[in-house]
Number of protein chains: 2
Amino acid sequence: MQPNDPFMEPPRLPRGFVAAGRGVGLKAQGNDLALFLSRRPAAAAALFTRNHFPGAPIILGRQRMRRGRLQGVVVNSAYSNVATGEAGLEDAREMARLAAREFAGFLGQESEQGQGAEALEDQVLVGSTGVIGRPLPMDRIRNGIRGMGSELDSDPWPAARAIMTTDTRPKVFSLQVGDAVVTGVGKGAGMIAPNMATMLVYLFTDAQVEVPELQAALQEASRQSFELLSVDTDTSTSDMVVALANGEAGEVDHRAFVDALTSLCTRLAEEMARDGEGATKLVRVLVEGAVDPSEARTVARSVVESPLMKTMAYGADPNVGRILMAVGKCVGCRIRPERVDASIQGVEVIRGGRSVDFDEARVRELLGGDPVEIRIDLGVGTARGRALGCDLTAGYIEENAAYASS
Amino acid sequence: MQPNDPFMEPPRLPRGFVAAGRGVGLKAQGNDLALFLSRRPAAAAALFTRNHFPGAPIILGRQRMRRGRLQGVVVNSAYSNVATGEAGLEDAREMARLAAREFAGFLGQESEQGQGAEALEDQVLVGSTGVIGRPLPMDRIRNGIRGMGSELDSDPWPAARAIMTTDTRPKVFSLQVGDAVVTGVGKGAGMIAPNMATMLVYLFTDAQVEVPELQAALQEASRQSFELLSVDTDTSTSDMVVALANGEAGEVDHRAFVDALTSLCTRLAEEMARDGEGATKLVRVLVEGAVDPSEARTVARSVVESPLMKTMAYGADPNVGRILMAVGKCVGCRIRPERVDASIQGVEVIRGGRSVDFDEARVRELLGGDPVEIRIDLGVGTARGRALGCDLTAGYIEENAAYASS
């Protein structure tokens, strides 16, 4: 925890939410199946991948989001259920049905009115992440999920671990907003780039927020966070960001809520970058002085995605000409070379489009840290833009040269 | 040499061209300074990088190309002379002047009329490739170039080796066109992506071709070759492709000339991909059945540039869902998932947007070869497009995590 870190320690699920995670044999070891439940139906909002090959859970999720209400989420890792056709869609539906039974059992024990699994099923969202193109081993899921309802409790960690693929650590953060709490559980690692940044993110709050407000808040928070994130320029077929608001803590100030959601999503996005496949550090690129925000973002993204910048960040070798190269390759943007300044962690390395004499040992040391922040001033306007990424390492190659068979 | 390989073995410079290469101490070892000369002024055409931060040689080259005539080329490796300001431009001019003196000395010995160095200077093109932002060690170049004129001869290899940076082997190819020869000398390795593909390429022919024809031929050949090439999505600040035609062999059929130039550039581009930084193989992606050629190229480039496809090609692990992912992330293209077919080296792996049951061991073996060819049929039109690239390996990371200091 950093000084003045606004995040709750430890993070916790907001009132009325419970979760569970189990290993059902999809991964060689560890948890691979997660359940999240709100005790009462929640207002829901979602953003899904724009990839032309959405997985079965995305197709089903788009249908289920039409009513703007969800009560539960079931997620598996190791298999993405993408490019699996009609059978894959039926598998996703069955996952929701199996989860609904567990949820009904749990709620039946807890509430006087009880609730039938059939009524719940349509309010269960499914998520899957992992290898593309392989059918889900439904027998393992059917057997493994049985009895998970009895494990649902307020501890988010077993579920957070279950949604991980090549992530090295679970990601859960909580923030207080008035009397309410907002908690995000996410996974990242690879195949991450805007439209959507590749990931699964589940956001839960006990604040009372209506569906249109929730959707708008989610879009704004995502634009400021996940949409700035690129681990490897690849866009997953499984991305989703989902928010559930169950209202148990009553209304909160809307602006404060959007700000909290944005902070939470930014923290999750940064942790995803830092924990990107093979990554050793977070890289933030801030571009100022652009003609318009879109060009600022284009330049920021060009720098954060450049393999030569990423290997420089990894090797901590201040080959700062690569920053110029990555700025300069944005051929559609209005750039005047002689006006471009740049700094690494506050140390000026480029002025007026030229390398300046800087303390190489000092910059090498700064590049060795985490995060690495690169600021670029284009000097031709007043617009700003940001991008979030990570370094590129031999670890990325190792993980991805043999992922299907691992 | 492959069966029916049209390239001359060994390659040779066309009539009237000579070259030399030396090590003058810019690299730790090996040749780093190259001279190319036509005995008579040649028609010349060139394409330069579109990066906003062109190196001094590019700025100077644009000026010198205005008259469409060149007689010599001088190229150094290890220092790119980029982001070096007015002093860098003066260094580039001095390199041309130093080379012109050597050329004049050589021609004075050979021709009765002799030729003054001053007259030659404006017809010398300069090229530099290497680290960005460091001043050229002009003292080493001044000392090292002295006497190189006496080494100019018909052997292209010393010069081809001198322009290499992280290339592992020199690249020279020759083709016969009628009575003429076209020879290309190139270097690639890293920072390679269209607009321009990063590289230095010098093309020499003794065919008689007028400047407008030569420029058009160069553009067409480049569009079919270098513009399809992406090693790492980064665009160099030093790219140039230059063609010199000295006419010594007389006129040739124009279509045959363009075809030969295209074959030569394609071969150079493929060798650059295959010898990309850390690369172990060439990857060709052919997209058919697109709505228009631009979308076909966009999809082909998306696949060839995808880090996850590139690591798959390296690891020879048939995680074919990554092909779908890379096709699907072209959100602006007209794609119907259920119509997409794909094959690896002729073995169908995707049909109608779904993985098919294929022989994994066989595809693993094919992916292990060089080149790897991936064909994708989008099934929505008749347009085609191609892209050339390579695999992504730990070698790329190693080379680039510590390039400036090596």
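1. Two strands are taken to pair if DSSP finds at least two bridges between them. Strands themselves are DSSP runs of E of at least two residues, and helices are runs of H or I of at least four residues, both numbered from the N terminus. In chain B, strand β10 (residues 341-344) and strand β11 (residues 347-351) run antiparallel and are joined by three bridges. Within this pair, B:A342 has B:I350 of β11(B) as its bridge partner.

2. The model is predicted, and local features need pLDDT of at least 70, side-chain atom pairs count only at pLDDT 80 or more, while totals for chains, interfaces and linings use all residues. Residues are numbered from 1 along each chain as its sequence is written, and chains are lettered from A and ligands numbered from 1 in the order in which they are written.

3. The pair in point 1 belongs to an open sheet of chain B. Six strands form this sheet in the order β12-β11-β10-β13-β9-β14, with mixed pairing. At its edges are β12 (354-355) and β14 (383-390) of chain B, each of which pairs on one side only. Helix α10 (residues 321-328) of chain B packs on the sheet and touches β10, β11, β12 and β13 (372-377) of chain B. Contact here requires that the C-beta atoms of two residues, placed from the backbone, lie within 7 Å. The direction of α10(B) makes about 55° with that of β13(B); angles run from 0 to 180 degrees between N-to-C directions, and axes are lines fitted to C-alpha atoms, for helices over the stretch in contact.

4. Helix α10(B) also packs against helix α8 (residues 293-305) of chain B, at an angle of about 135° and with the axes 8 Å apart. The two helices are therefore oblique to each other; angles under 35 degrees count as roughly parallel, over 145 as roughly antiparallel, 65 to 115 as roughly perpendicular and the rest as oblique. B:V299, B:S302 and B:V303 of α8(B) meet B:I323, B:A326 and B:V327 of α10(B). By class, the residues of this contact are five nonpolar, one polar and no charged. Ala, Val, Leu, Ile, Met, Phe, Trp, Tyr, Cys and Pro count as nonpolar, Asp, Glu, Lys and Arg as charged, and the others, Gly among them, as polar.

5. A helix contact also links the two chains. Helix α9 (residues 307-315) of chain A packs with helix α12 (residues 394-401) of chain B at about 70°, their axes being 8 Å apart. That angle makes α9(A) roughly perpendicular to α12(B). From α9(A), A:L308, A:T311, A:Y314 and A:G315 meet B:I397, B:N400 and B:A401 of α12(B). This contact has four nonpolar, three polar and no charged residues.

6. Chain A has an open sheet of six strands, in the order β12-β11-β10-β13-β9-β14 and with mixed pairing. Strands β9 (residues 282-290) and β13 (residues 372-377) of chain A run parallel and are joined by six bridges. A:V285 stands opposite A:I374 in β13(A). Helix α7 (residues 254-274) of chain A packs on the sheet, touching β9 and β14 of chain A, and its direction makes about 45° with that of β14(A). Helix α8 (residues 293-305) of chain A lies across β9, β13 and β14 of chain A and runs at about 25° to β14(A).

7. The domain assignment, automatic or from a database, divides chain A into domain 1 (17-274) and domain 2 (282-390). Nine residues of domain 1 of chain A are in contact with 10 residues of domain 2 of chain A. On the domain 1 side, these residues are five nonpolar, two polar and two charged.
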